[in-house]
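Subject: A structure for you to look through

Hello! Here is the structure I promised to pass on. Please open it beside this email, and then read on for what turned up in it.

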Amino acid sequence: MAELRRTAVVDVETRVTIREPAINNSATLVVGDTGTGKTSLLATLAEWVYMKYRKVTRLVAADPGGWGDMMSALIEAGVVEVWRVCSRDPDGRNGLPVGTVALASQGYWPTVINQATGDSPVAVDLKAPAAVWWEMICPKCEQAAKRVQTKGQLTAGPCKHCKTMVTPVNCKRVDQIIVRDPSFGKVGAVMFDGLTSLAEWCMTDINARAATGNLGGEKGNMNTVHSSGLSFGTSGRGGVGFVQNRGMDWINNSLNIQGLVVPPYFTARELRATDDDAMPIYGPKLIGKAKTSDIPSWVGNCLGTTIAIGAEGRREFRLYLQEYREPGSTIPHLCKVRSIPGVCPEYLADDEGEEAFTKFNLGHFQELVLAGRAKATARTNSRLELKDGKADPVASEDVPLAVKSQKPPSEPIKPATTPAAVRPATRPVGPPAAQPATAPAVAGRPAPRPPAAAPPAARPRPPAGRPAVPPPAKK
Ligand SMILES: [Zn+2]
């Protein structure tokens, strides 16, 4: 009986916060030259997130160009929380940029911040958006009897709801749960403005290390420059490659931030580079040109901003949702949207006489994405004739996957007998490790050994035909 109870400890159930609309499986990138409206577009997204979901947006700002009036008004109103991330280590001499961007991309936020300017003190502590906790579930009231931060802290104690004594042995089960930090509960969107500046800031970190001579690897093409009591260095290609590789990490990290109502948004400046076939392209700039043609594949949507000359010479801000070329040019700007065809137009632009940022607006874009999502769901339901929108697959019969031989390797193979006769004869010699009595240790203590005197023959055999799948033994 005790063995059965102990397995409850390792029977960990993971409860994870469900992301609200199921569209956050990739990030969105907005690419364009300075002055083509990228940061203003981020402001339109923050507006929409607040209007539709009553959630605030966190802006990790690295562009030295700052932000315009629309964003300022949203910051003042508390709809946008801004962090001028470079204020944590402005010239990279504290060795913090690479780590800071890695943490910021996971949703970490300063514990001390000036809400008006977004400045944080140098080397400020950062707080995680969520933490993993362990809960021991009460066997009587089935509520969380105890919640702790490490599994080792799950010790016996009275249930905080019904006072029943709960121990790791008698508990109903142990849950591993992700708990959002209370300060993150109001956050619905995160935006990084932008990728290029974050990479440049990380280069200051790498170059500062090169100046102190502790970077190793290939050296830059000049010696350390000493000026006014400071040392300046330039890293070689290894440093550039290192920062290029961080870019994909940042985007991937951001996908694990829980509770967002829109995908994580990044901006990037645009760069003319070449693709794998040495053909010229325009794409997002990180550091150098090597990754420019790859970056669009790191995100779900890659949108392009540009100022076009429309009818009667009118300057028109456009947000391209597909690859486009400027008039008279054959060089493509890499853009794409992962949405069902027939929902998103080639580009979004305000009509003449229309209020600015009516269609040149990321909230408008998100509405299109939601419409595409609804259309795809309707199509699936009708084509597959689903009831209540849920599949009802047919399960195949329960068959054993594989049966492991129980014979110890040293035992000589006995001549032909019926399998039924061989098995009972060899079982008693088998190592005790093959028996299910060795449940994982509880709270660091070794599991009690099964009584040595117990004859193995007394142990009930598992019923024939049961699949030889090992019990879940996760730690
Ligand atoms: Zn209880």
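Let me begin with how the chain folds back on itself. Residues 24 or more positions apart account for 66% of the contacts in the protein chain with a separation of 6 or more. Two residues are in contact if their C-beta atoms, placed from the backbone, lie within 7 Å.

Some ground rules before the details. This is a predicted model, in which local features need pLDDT of at least 70 and side-chain atom pairs count only at pLDDT 80 or more, while totals for chains, interfaces and linings use all residues. Residues are numbered from 1 along each chain as its sequence is written.

The term pLDDT is the predictor's confidence in each residue, from 0 to 100. For the protein chain its mean is 81, and 78% of the residues reach 70 or more. Two stretches stay under 50: residues 418-448, with 41 contacts beyond four places in sequence, and residues 450-469, with 16 such contacts. Where pLDDT is low, the predicted coordinates should not be read in detail.

**The overall picture**

The protein chain has 8 helices and 20 strands. Helices (H or I, at least four residues) and strands (E, at least two) are DSSP runs, numbered from the N terminus. Of the 475 residues in the chain, 32% are buried. A residue is buried if 20 or more other C-beta atoms lie within 10 Å of its own, exposed if 12 or fewer, and partly exposed in between, with C-beta atoms placed from the backbone.

**The open sheet**

In which order do the 8 strands of the open sheet lie? The order is β4-β3-β12-β15-β2-β18-β19-β20, and the pairing is mixed. Two strands pair if DSSP finds at least two bridges between them. The edge strands, β4 (80-84) and β20 (347-348), each pair on one side only.

Strand β15 (residues 265-268) has partners on both sides. Strand β2 (residues 28-31) runs parallel to β15 and is joined to it by 4 bridges, with T28 as the bridge partner of Y265. Strand β12 (residues 187-193) is also parallel to β15, through 2 bridges, and here F192 stands opposite F266. Within β15, Y265 and T267 point one way while F266 and A268 point the other way, and all are buried.

**Helix α3 and its neighbours**

Which residues of helix α3 (residues 69-77) are buried? They are M71, L74 and I75. Seen down the axis of α3, these buried residues fall within an arc of 100°, so they line one face of the helix. The arc is that of the directions from the helix axis to the C-beta atoms. On the other side of α3, D69, E76 and A77 are exposed.

The buried residues of α3 pack against α2 (38-53) and β4. I75 has 22 other C-beta atoms within 10 Å, and beyond four places in sequence I75 touches V80 and V82. After α3 comes G78, with a positive phi near 85°.

The axes of α2 and α3 come within 8 Å and cross at roughly 35°. Axes are lines fitted to C-alpha atoms, for helices over the stretch in contact, and angles run from 0 to 180 degrees between N-to-C directions. The contact is made by T39, S40, A43, A46 and E47 of α2 and by M70, M71 and L74 of α3.

**Helix α4**

In helix α4 (residues 97-104), the buried residues include P97, T100, V101 and A104. They cover an arc of only 95° around the axis, which puts them on the same side of α4. Their cover includes β3 (56-61), α5 (195-211) and α6 (237-254).

**A hairpin to find**

Finally, look for strand β7 (residues 130-137). It forms a hairpin with β8 (residues 144-148), with 6 residues between them, and E142 in the turn has a positive phi of about 60°. The two strands run antiparallel, joined by 4 bridges, and M136 has K146 as its bridge partner. β7 is also joined by 8 bridges to β11 (residues 173-180), again antiparallel, where A131 stands opposite V179.

Enjoy exploring!
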